[in-house]
Amino acid sequence: MIKQIIKLHSLKGWLFTFSLLGIAIILLPLLNIFAPENSFLHIPDYMFSLFGKYLCYALVALAIDLIWGYTGVLSLGHGVFFSLGGYAMGMYLMRSIGKEGVYKSELPDFMIFLDWKELPWYWWGFDSFIFTFFVILIMPGLFAFIFGYFAFKSRIKGVYFAIITQAMTYALMLLFFRNNTGFGGNNGLTDFKKILGYSLQEPSTKMSLYILTAIVLFIFYVVARFVVQSKFGRVLTAIRDSENRVMFSGYNTLNYKLAIWTISAFICGIAGALYVPQVGIVNPSEMQPSNSIEMAIWVAVGGRGTLSGALVGAGLVNGAKSWFTVAAPDYWLYFLGILFIVVTLFFPKGFVGIFSRLRIKRKGNQNG
Amino acid sequence: MEGFCCCNKKSFYSFKPRLLSLNLKISGNSKLIFALVVFLTMGFFLISTVEANEFENTLKDLGNKSRSKIKLAVKALGNMGNPAAIPVMEALKEKRLRISDNDSLIILNEAKDKGYDALTGQPVELGSLNLRKPRINNAVRRLLSTAIGKLKLFSDDPEIRLSAARDLLKRSSNNLVELIEKALKKETEDEIRNLFLLVLAKEGLNSDDKSKRLQSIKTITTLGNNDFKTILEEVLEKNEEDEFLEKDSEIRDAASNAIAKIEKRQFVKNQAANLFYGLSLGSILLLAALGLAITFGLMGVINMAHGEMLMLGAYLTFVVQNLFKEYLPGYFELYLIAAIPVSFLGSALVGIILERGIIRHLYGRPLETLLATWGISLILIQTIRLVFGAQNVEVANPSYLSGGVEVMNGIVFPYSRIAIIIFVVGVVISIWMLLQKTSLGLQVRAVTQNREMASCMGISTYKVDMYTFGLGSGVAGLGGLALSQIGNVGPELGQLYIVDSFMVVVLGGVGNIAGTVAGALSLGIFNKFLEPVAGAVLGKIIVLVLIIVVIQKRPQGLFSLKGRMVDN
Amino acid sequence: MDSSGAHVKDDLIDTRHGCILYIEEVTVSFDGFKALNDLNLFVDDGELLCIIGPNGAGKTTMMDVVTGKTRPDEGTVFFGQNLDLTQMTEFEISHAGIGRKFQKPTVFLNHTVFENLELALHTNKGIWQSLTKTLNGKQREIIEEGLETIGLKNQKNLRAGLLSHGQKQWLEIGMLLAQDPRLLLIDEPVAGMTHQETEHTAELLKSLAGKHSVVVVEHEMDFIRSIANRVLVLHEGHVLAEGKMEEVQNNPKVIEVYLGS
């Protein structure tokens, strides 16, 4: 197995991957600590939350690429898994506030506001990080498994599946918007103070979260690489291209789709859990249908069916979003809309596709 | 909309405040005041100067510094029977009456930033005047209520009497009983009579006379609505020792019988209302989904920008309305008729441009189409935001669509919703005719069934695609027009309906108009019947979950035929 | 072609009565249209059976029923004497030893020819196995052998999408063989093939009979004549005639159906 993992990349590829990781978790923090404040090399504290956010998005893109890019199943509901992970983490963070809230009560503030006297049963256990950790690992995947089992079993595919997942996220959004559901309604969960006893306001906590996210992303990148380079991955692409043939070749495609769907949701849930302490809030708008579609476009922009494409796409689109929302907020939606159209019309293989086409051309020129 | 109940007009209109000010029959207040001001000015020509002077002087006494003078004036005005006094007395009661230095009475509007002279009706400049507030207390207010009630109850205008009777029902009126009894004797209109009877019955319940109480309960049993339930339940209350507060079992039985009757009547009413509002919702969903079903069925194209075609239709209606307001104010009422072709053609044109420009390049790649059309929808939404602003815009109902018909006591079916249902029937029939009876329809059906074959037969598939897409988008535009008459028009209008309309198409089966009709209506009705039980949000979630379950069982749609599945 | 070491379920098929496929009284209807109407059809173990019939006769639906894609409204379908195919899913049926070639060649266009065969290869097809196991020497040998049989040795690292139509047909047959099925259902194998390729295919199919049972659906009469032993004519969802090619061709009912009323 280790042999197989080593073979995932060429030597050059591994060097590249590791140097990226090195830059992310060693160089950037060092620049923050040692570069003088006014130097252009200095990276201010607040940047790490932003970077951490991008890395979470990259993780989401990775998850979506596995299910869409490789298996051809477009989900417009990954925001749900992201949110489930996020809400689980949010619940832990809410419980960690303890009596430091506005109402100085053991209960989260919004419950006091709703005049609740005690913690609802589904909040039990979230004062423990270990418990929360397992919920984060299990809940999104379990939910995806149940949903996917029924959807795949009745052979819902293509646009139907996309629409059903959109309906799913829409329904859950409505559910979480209700105050009585018990997750803070409209406002969601926010005003977090501490994680594992460390203040979330501290730059060091923020940086640790960022480094943790980078490492998690690296691990899942390797896992995803392992998956897509195995025969399992070839079966997935085969399902994308001709599911019937795969079935008639003796593969239980239900199991395969269900497995990758669940893995994808699992990764997405972890991304959500890492995201929430870094941005400090989780609310039902994460489950808006538009959010999930935006996630799909990250992958499309970067290049479907390539892992690097997903990561690049998440970075590019969100980088652009950050720039636009400051510089030209009115035109962000125009940019995003045009991006959707241009990528699907002209660059179905995304950024990575353009890149590799250029490379092939250059090679061809050299040879010719 | 949670816990929304149709018997209560206030709650029904509360989520569409726009209608309030337009609806003379129901909300009346502002228009009433206006009408009375007119009345008041006309009054001077009709009544003799002596009487006029007496009336005027008494009216002026309302602004007297002495509270006892005010009381006398109120009583006198109540007895004079001149309805012109109503707005002044109401203003006094609501602390909107001011007295200027030269003792003229000024009535302020509710925001208290404008005012007019009570006698002449002329608007006055508030800033230049030194105004004094009359001093009143609760005793004066009570007198005022009685006097106003008196004036209204004996008014010649049945509208005023009706609204007065309705007002009486809402509050205690034991000091007016005699007055009401007198008014009842004079009253000729059944509707008002019934209300008077109910008001009296409500008071009669507290009487000491057993037969009077039984009679009251009887009246309530036949005429009362849900609002009387609490009053009757009070009769059945027990004290802490589990004994009935009401000792007389005959009265208790009558009361519980009355509750049962009222509940039964209410149940029937609610079901009728649910059915109507379900049909109404279904017909709107149908307009939203019909175009989608056409384009989806024909081209296998999921048009995520379809909701924005609705939104465009609504905004085009808005534009037509404003043009009429600006250039043809005399024909303003007709703007809605003119908006029908405009919203259809406008949305259809945009649809055709999108199909030609973008969507046709993506045929055979449904998932990409989905994403690209989502991009289109973002651009359309943002464009509308930049042009019209992010806020909702006002689209007024023409007068023939405001108000409603009261089908049962307490249940009003608004004309706008009835009109939409009729409109939808018309649209569905036209589309059906178009698809079944014209050569274009024949071509569309041919392309839907077998694109390649149709192409070989010499059908220009690209033209068919274009027209169909235009048709689908145009129908959505009409949907927008309809929506503008009953709901808010804003840039996100389409987003609200897109998920629902997909659900309709999925439920009804793709490319199947009969299925779409059945899907939309059943979804609408189901939704409305579920809402009172589960609440709006939970109801919606249940519907979505049910649809997901239905698709598990019948992926081809609930209402479509089972066919040989063609894939790969 | 030799089977790999990882045999699955092969020996479970009970063919003691000489028959491998029993289709009995099967009816399938779509919205009232009966695609199969009381169809009775038996395939002997090891035989090469050809099925002909006009369009809409129910040939493809018959294959759909056998491979589990369509469920019959009535009737039974047994593989051997013991496997009830109507109760099994597509992949279980494939596992049990039935391979199918579609009318339109369906291969994995984005995989190389080699990978196509690898995916089809008869082995454990569970998720965990796919994730962790790589090809062993014996399996590579089988694939190489298969490449030789279908004449695509030189194209083995080419994307299947780049193959010609005929080559795709061959690749699909190669994939069927790699599955090592007991029964092959082959839908129009020579459509779009050159004369030479057709001949080659005929040879191949004939060589398969005996060890495998083969059912071929084809329109191309010359091709049928060159391979057929027993021919069966389907019409309106049931068997119209069966026998040797000459017998069938001279059957008045068949002539009427083919030449129109």
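How many of the residues of α1(C) are buried? Of its 9 residues, 8 are buried, which leaves this helix mostly covered; a residue counts as buried if 20 or more other C-beta atoms lie within 10 Å of its own, as exposed if 12 or fewer do, and as partly exposed in between, with C-beta atoms placed from the backbone.

Before going on, note that this is a predicted model, in which local features need pLDDT of at least 70 and side-chain atom pairs count only at pLDDT 80 or more, while totals for chains, interfaces and linings use all residues. Residues are numbered from 1 along each chain as its sequence is written, and chains are lettered from A and ligands numbered from 1 in the order in which they are written.

**The sheet of chain C**

Select the strands of chain C that form an open sheet of 6 strands with mixed pairing, in the order β6-β7-β8-β3-β9-β10. Helices (H or I, at least four residues) and strands (E, at least two) are DSSP runs numbered from the N terminus, and two strands pair if DSSP finds at least two bridges between them. At the edges stand β6 (98-101) and β10 (238-243) of chain C, each with a single partner strand, so one side of each has no neighbour in the sheet. On average, neighbouring strands are turned by 20° against each other, direction ignored.

Next, select residues 48-52 and 213-217 of chain C, where β3 and β8 pair in the parallel sense over 4 bridges; here Leu48(C) stands opposite Val214(C).

**The helices on the sheet**

Now return to α1 (residues 59-67) of chain C, which packs on the sheet and touches β3, β6, β7 (183-187), β8 and β9 (230-235) of that chain, a contact being two residues whose C-beta atoms, placed from the backbone, lie within 7 Å. The direction of α1(C) makes about 150° with that of β7(C); axes are lines fitted to C-alpha atoms, for helices over the stretch in contact, and angles run from 0 to 180 degrees between N-to-C directions. Among its buried residues are Lys59(C), Met62(C) and Val66(C), and just after the helix Gly68(C) takes a positive phi of about 90°.

Then select α6 (residues 165-179) of chain C, which lies across β6 and β7 and runs at about 175° to β6(C).

**Two loops of chain A**

Finally, move to Lys104(A), in the loop between α4 (78-97) and α5 (109-113) of chain A, where phi is near 55°, a positive value in a residue other than glycine. Lys104(A) is exposed, with 10 other C-beta atoms within 10 Å.
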